[in-house]
Amino acid sequence: MRAEREGEGDRLVESEEGDRLRDLLRTPAYLRALVFSALIGIPVSLAAFWFLAGLHRLEHVLWSDVPKSLGWDAPPAWWPLPLLAVAGVGVGLVVTRLPGAGGHVPAYGLHPGGTPPAALPGVVVAAAASLPLGAVLGPEAPLIALGGGLALLFRHLVRAPATPQSTALLGAAGAAAAVSAIFGNPLIAAVLLLEVAGVGGPQLFVVMLPALLSSGVGAVVFTGFGRWTGLETGILAFRFPTAPPRLDIGDVGWSIVLAAAVGALVHLVIAGGRLTADLVAVSPLRRTVMCSTAAGGCAALYALLTGRTPFEVASSGQATLAGLTADPHSWSVGALLAVLLFKSGAYILCMGSLRGGLVFPVLFMGAAAGVLLAPLPGLGVIPAVAAGMAAATAAALRLPVSSVLLVVLVLGNTEMIPVVILAAVTSFVTAELLPPWPRPRPASRLPAR
């Protein structure tokens with residue numbers, strides 16, 4: 001009888017939730033919000049496209065065209081110093097003079113959309129002063145701010161009613177439209193904004209971590225048992241003609257160890273970025289210039305010691321990641337250690353002083369750590385790279401589901417999903433069990449004026 005009453009109660013709750021959802025979908029205000037969200041996706045996506053195209057073109061001019069016009073095949077070792085000094089001046093002036101302080105401080109993670117329209121010029125100028133000039137940051141955070149801010153601006157232009165609910169909804173919709181431009185997939189944008197917004201709170205992670213871990217272990221068991229027996233289970237999957245790498249027990253075991261180590265190291269790096277942000281907040285203009293110039297010094301020293309281009313340190317890592325994964329054997333052990341050391345140092349300095357996102361640099365550093373450890377017995381290069389990227393992203397963003405989805409889409413290889421899941425969960429748990437990151441001081445996050 002008790003079980004029957006409990007079952008009846010669960011069905012009643014489910015019915016009530018379904019009724020509330022149907023009532024919400026019938027609400028004219030919500031339907032108008034859905035239509036408006038669909039419409040603003042067009043101008044926001046166009047703005048994001050031209051924003052990214054402009055940043056990419058300016059980066060190419062500064063790091064390729066100008067050095068070649070001066071007679072160098074590649075940028076000289078000292079090249080990042082003046083560029084990042086200029087970046088520091090530009091961002092410092094934005095932080096101290098323009099509304100919104102150029103957007104959120106990267107060291108404090110991604111934030112959902114909803115940037116006040118008055119802060120958009122500062123966001124665009126700070127990103128343009130940071131990313132093409134060699135900041136070790138990605139474009140995703142400025143894109144989130146740009147997309148969310150443009151959505152709210154369009155709402156104001158059409159004089160739509162402003163409520164807290166519509167502000168949150170439209171901000172997230174605009175941010176998702178903009179982020180999908182850089183990741184090339186609308187699914188990762190939607191999931192990323194869902195986790196960034198904290199829908200479900202801590203309970204979301206409490207539920208999702210066991211589910212992620214169980215699904216990863218289950219995939220490993222199914223893969224191994226299926227090969228051992230030779231039997232088919234009739235899973236819903238598409239087969240590509242190319243033969244993907246086959247996981248074995250060495251890949252799985254070493255990936256967990258690698259993920260724990262990468263998670264701990266990235267946790268320390270982000271903590272360093274937050275301490276830098278607190279230091280910069282005391283005197284934004286002067287200390288922003290100091291930190292950005294020091295980041296340029298990291299890139300210059302790397303180039304002097306390795307004979308490689310300083311761009312491998314002074315950049316988001318997007319272009320360098322493509323070269324690393326295409327030809328990992330062209331990197332010596334010394335070069336891998338050096339790029340991890342100096343890029344981590346420059347990343348810490350840029351996180352606390354310039355403007356951008358956290359994702360691209362940690363993807364590169366996770367991949368570099370994977371290539372460095374790939375010679376371990378039984379560990380393949382591709383599983384090591386997959387585990388390293390998943391671990392670094394999960395530890396930096398603390399968004400395990402988005403990290404798994406992002407790395408799987410970047411790899412384009414479903415065979416690596418079990419390793420990616422195990423690495424992301426291991427890294428996330430490892431980082432969460434370490435002492436917490438320093439909390440931001442009130443002065444380190446300047447409000448929009």
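About 130 Å³ of space lies in the largest cavity of the structure, which is a predicted model. The structure holds one cavity of 30 Å³ or more. Fifteen residues line the largest cavity, and those nearest its centre are Gly103, His104, Ala141, Pro142 and Ala145. Helix 5, which spans residues 140-157, supplies the largest share of this lining, with four residues. By residue class, the lining of the largest cavity comprises seven nonpolar residues, seven polar residues and one charged residue.

The largest nonpolar core contains 114 residues. Within this core, the members that touch the most other members are Leu137, Phe183, Leu324, Trp331, Tyr347, Met351 and Val420. Helix 14, at residues 381-397, contributes twelve residues, the largest share of the core.

Cysteine pairing was examined across the whole structure, and zero disulfides were found. The closest cysteine sulfur to that of Cys298 belongs to Cys350, at a distance of 8.5 Å, which is too far for a bond. A disulfide requires the two sulfur atoms to be within 2.5 Å, so the separation of 8.5 Å between Cys298 and Cys350 rules out a bond for this pair. Cys350 is likewise in no disulfide, and the nearest cysteine sulfur to its own is that of Cys298. Cys298 counts as buried because its relative accessibility is 16%, and buried means under 20%. Cys350 has a relative accessibility of 0% and therefore also counts as buried.

Gly378 is placed in the loop that runs between helix 13, residues 359-373, and helix 14. The relative accessibility of Gly378 is 42%, so this glycine counts as partly exposed, a class that lies between the buried limit of 20% and the exposed limit of 50%. In sequence, Gly378 and Gly253 are 125 residues apart, whereas in space their C-alpha atoms are 9.0 Å apart. With neighbours within four places in sequence set aside, the contacts of Gly378 are with Asp248, Gly250, Asp251 and Trp254.

Notes: Residues numbered from 1 in each chain as written. Predicted model: local features only at pLDDT ≥ 70, side-chain atom pairs only at ≥ 80, totals over all residues. Heavy atoms only, no water. 1 Å grid on protein atoms, 1.4 Å probe; cavity = no way out; pocket = protein on both sides within 12 Å on 5 of 7 lines; lining within 4 Å. Points joined across faces, edges and corners; volume = space filled by probe spheres on them. Helix = DSSP H or I, 4+ residues; strand = E, 2+ residues; numbered from the N terminus. Nonpolar A, V, L, I, M, F, W, Y, C, P; charged D, E, K, R; others polar. Buried < 20%, exposed > 50% of the residue type's maximum accessible area, 1.4 Å probe, protein only. Core = buried A, V, L, I, M, F, W, Y, C linked by side-chain atoms within 4.5 Å. Contact = heavy atoms within 4.5 Å.
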